[in-house]
Amino acid sequence: MTSFQEFRKRLASGEVVDPAAITIPKKAQAMQGQRSGLVTRTMAVGIDIAAVLIVMLICYGLLWLFLLLLAPIHIFQMPVTTWFFVAGFGLLWAYWTASWALSGRTLGNHMMGLLVVDYQGNRLSWVLSAARAIFSMVLPIGLLWLIVSPTNRSIQDTVLRTSVLHDWAVTHNDPFVKE
Amino acid sequence: MTTPGDQPDEAATQEVVLVVNPVIGPTVQPSNPLGGLVGAATGLVGAVHSVIEQTVIAGVNAALDRVVPIAVNAVLDRMDLTQIVLDHVDIDALVAKANMDAIIDKVPIVDIADYVIAEIDLPKIIRESTGGVATDAVNAARLQALSVDKLINRIADSMLLRSKGRKVESPLKFDLADQQ
């Protein structure tokens with residue numbers, strides 16, 4: 001058994017690694033806090049859209065079952081495309097706005113280890129978050145600006161002065177609290 | 001016993017019962033002049049002792065009560081007791097002989113355990129360890145995306161003749177060491 005004294009000596013000499021440091025692979029440690037690239041962010045967006053799509057399909061299925069209870073002869077119909085898109089856009093906009101304003105991460109960001117911050121590195125305000133969400137949905141191709149941007153920023157990021165950072169250690173404390 | 005007609009005898013008809021209680025009184029000593037002298041001397045010594053006890057000894061005690069603390073404090077002020085203990089007392093031997101069980105019984109172990117759990121955030125460690133497999137898969141996907149990002153950036157930079165590379169530092173003072 002390691003005594004407390006021995007443990008402290010080993011911790012001070014760096015022989016014992018803090019458990020929190022183990023969660024991030026060594027290859028990625030240098031990247032923490034840097035702006036992420038196109039593929040990572042595209043995958044995060046893809047995960048978000050897939051999540052919203054799944055939620056919408058579940059909601060539509062539940063709605064259909066409810067209608068079936070009211071009228072048993074109700075025939076299943078695919079949703080009207082226009083309304084489906086409008087609802088999807090609305091849901092995605094609300095979801096992105098709330099996620100970025102509240103925690104700085106959506107589900108896709110969380111999966112890909114990303115954190116959205118403003119120009120000072122703080123959490124996005126609700127207005128900025130809503131603006132970024134609508135901007136991202138209206139001009140998704142703006143993400144491609146990442147390829148040529150010297151600072152790894154999309155058009156939305158450049159206009160709104162936001163950044164999307166690598167922050168893989170999602171289990172540590174709220175990154176906005178530490179300052 | 002008398003019969004009717006007989007002349008009663010005065011002395012015979014009266015019964016007198018005398019109840020005698022023994023009286024306990026000072027024993028009358030036979031008069032002894034030497035004994036009286038010794039008794040007087042003993043009484044005198046007792047009286048003198050009583051006077052001394054009530055006046056002299058009480059006075060001395062009161063004086064000592066006031067003087068001794070001052071004297072002891074004055075002596076202790078001139079001595080480094082900690083150093084004396086360190087020099088002359090084997091503390092390790094003292095601790096080795098101490099009854100640790102009794103000490104531990106007085107230590108709030110559960111409170112300390114709660115404190116340690118809170119400090120190291122044990123629930124978080126448990127969450128991390130239980131999500132280990134999922135974390136590995138997620139990290140693998142992230143690393144793949146990261147390497148493709150680097151490749152794309154390198155190709156784009158070379159096509160744009162950007163020799164210095166990109167400025168991707170965070171606006172946040174993001175120090176990994178700070179977070180751990």
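With eight residues, α4(A) gives the most to the lining of the second largest pocket. Helices and strands here are DSSP runs, numbered from the N terminus (helices are H or I with at least four residues, strands are E with at least two). This is a predicted model, so local features need pLDDT of at least 70 and side-chain atom pairs count only at pLDDT 80 or more, while totals for chains, interfaces and linings use all residues. Residues are numbered from 1 along each chain as its sequence is written, chains are lettered from A and ligands numbered from 1 in the order in which they are written, and side-chain values use heavy atoms, with hydrogens and water left out.

The second largest pocket holds about 530 Å³ of space. Elements giving two or more residues to its lining are α4, α5, β1 and α7 of chain A. The lining comes to 28 residues, and A:Val45, A:Ile49, A:Leu92, A:Trp96 and A:Met137 are the ones nearest the pocket centre. A pocket, on a 1 Å grid over the protein atoms alone, is an open set of points where a 1.4 Å probe fits, with protein on both sides within 12 Å along at least five of seven lines; lining residues have an atom within 4 Å of a point. The volume is the space filled by probe spheres set on those points, which are joined across faces, edges and corners.

## Helix α5 and its tryptophans

Helix α5 of chain A has 22 residues, which at 1.5 Å a residue should span 32 Å, and its end C-alpha atoms agree at 31 Å apart. That expected span is 1.5 Å times one less than the number of residues. Among the buried residues of α5(A) are A:Phe84, A:Gly88, A:Leu92 and A:Thr97; buried means under 20% relative accessible area, exposed over 50%, and partly exposed in between (1.4 Å probe, protein chains only). The buried residues of this helix pack against α4 (38-70), α6 (107-112), β1 (114-117) and α7 (126-138) of chain A, where contact means heavy atoms within 4.5 Å. After α5(A) comes A:Gly104, with a positive phi near 80°.

Over all chains, the structure holds one aromatic pair. A:Trp96 and A:Trp100 make it, stacked at 5.4 Å centre to centre with 20° between the planes. (Rings of Phe, Tyr and Trp, the last by its six-membered ring, pair if their centres lie within 6.5 Å; planes under 30 degrees apart are stacked, over 60 edge-to-face, and the rest tilted.) The two tryptophans are about one helical turn apart because they sit four residues apart in α5 (residues 81-102), and both are buried.

## Charges over rings

A:Trp100 also has A:Arg132 over its face, 4.7 Å from the ring centre. Elsewhere, the charged end of A:Arg161 sits over the ring of A:Tyr119, 4.2 Å from its centre. For this, NZ of Lys or CZ of Arg has to be within 6 Å of the ring centre and within 35 degrees of the ring normal.

## Two positive phi angles in loops

Most residues other than glycine have a negative phi. A:Asn152 is not a glycine, yet has a positive phi of about 55°. A:Asn152 lies in the loop between α8 (145-148) and α9 (155-160) of chain A, and counts as buried because its relative accessibility is 3%.

In chain B, B:Leu161 has a positive phi near 55°. Its place is the loop between α8 (132-159) and α9 (176-179) of chain B. B:Leu161 counts as exposed, at 75% relative accessibility.
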